Amino acid sequence: MPDPTILLCLCTCPDAASAQRLAETLVGERLAACVNRLPGVLSTYRWQDKVQTDGEELLLIKTTAERFEALKARVLALHPYELPELIALPVERGHATYLDWVRTHSID
């Protein structure tokens, strides 16, 4: 039986073009029901032993646990970063009708 758990996945992109391309692909291939793009995110992180701060776009990706592995494979294949951020958080509560919509639109 499919896992009905809804996931909220976080993924940062270096620019609007790569964020849009990834969002459209994930929704178009039914790996996600919806992707919100939040521009203007500043990320501070350590990379190659240096502290850096860069502007990014944050993607809020809504999908199901069942689709996560396929979504992850697609993100890793398309993302311009050597090590893309992809964090999945289970959604414990929400508007039931919306969560049903996410499940319906994340089915292959």
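This is a predicted model: local features need pLDDT of at least 70, side-chain atom pairs count only at pLDDT 80 or more; totals for chains, interfaces and linings use all residues.
Figure 1. The protein carries 11 positive and 15 negative side chains. The centres of these two sets are 2 Å apart.

**Figure 2. Helices and strands of the protein****.** The model contains 3 helices and 4 strands. In sequence order they give the pattern β-α-β-β-α-β-α. The radius of gyration is 14 Å, close to the 13 Å from the globule rule for 108 residues, so the protein is as compact as a globular protein of that length. The C-alpha trace spans about 45 × 25 × 20 Å along its principal axes.

**Figure 3. Burial and contacts in the protein****.** Of the 108 residues, 33% count as buried. Contacts between residues at least 6 apart in sequence were considered, and 73% of them join residues at least 24 apart.

**Figure 4. The buried residues of helix α2****.** Helix α2 runs over residues 68–78, and its buried residues are Phe 68, Leu 71 and Val 75. These residues cover an arc of only 60° around the axis, which puts them on the same side of α2. Glu 69 and Ala 77 are exposed on the other side of the helix.

**Figure 5. Elements covering the buried residues of α2****.** The cover over Phe 68, Leu 71 and Val 75 includes strands β1 (6–13), β3 (50–64) and β4 (87–90). Helix α1 (16–28) is also among the covering elements.

Key
Residues are numbered from 1 along each chain as its sequence is written. Side-chain values use heavy atoms; hydrogens and water are left out. Helices (H or I, at least four residues) and strands (E, at least two) are DSSP runs, numbered from the N terminus. The radius of gyration is taken over C-alpha atoms; the globule rule is 2.2 Å times the number of residues to the power 0.38. Buried means under 20% relative accessible area, exposed over 50%, partly exposed in between (1.4 Å probe, protein chains only). Contact means heavy atoms within 4.5 Å. Lys and Arg count as positive and Asp and Glu as negative; His and the chain ends are not counted. The place of a charge is taken as NZ of Lys, CZ of Arg, CG of Asp or CD of Glu. The arc is that of the directions from the helix axis to the C-beta atoms.
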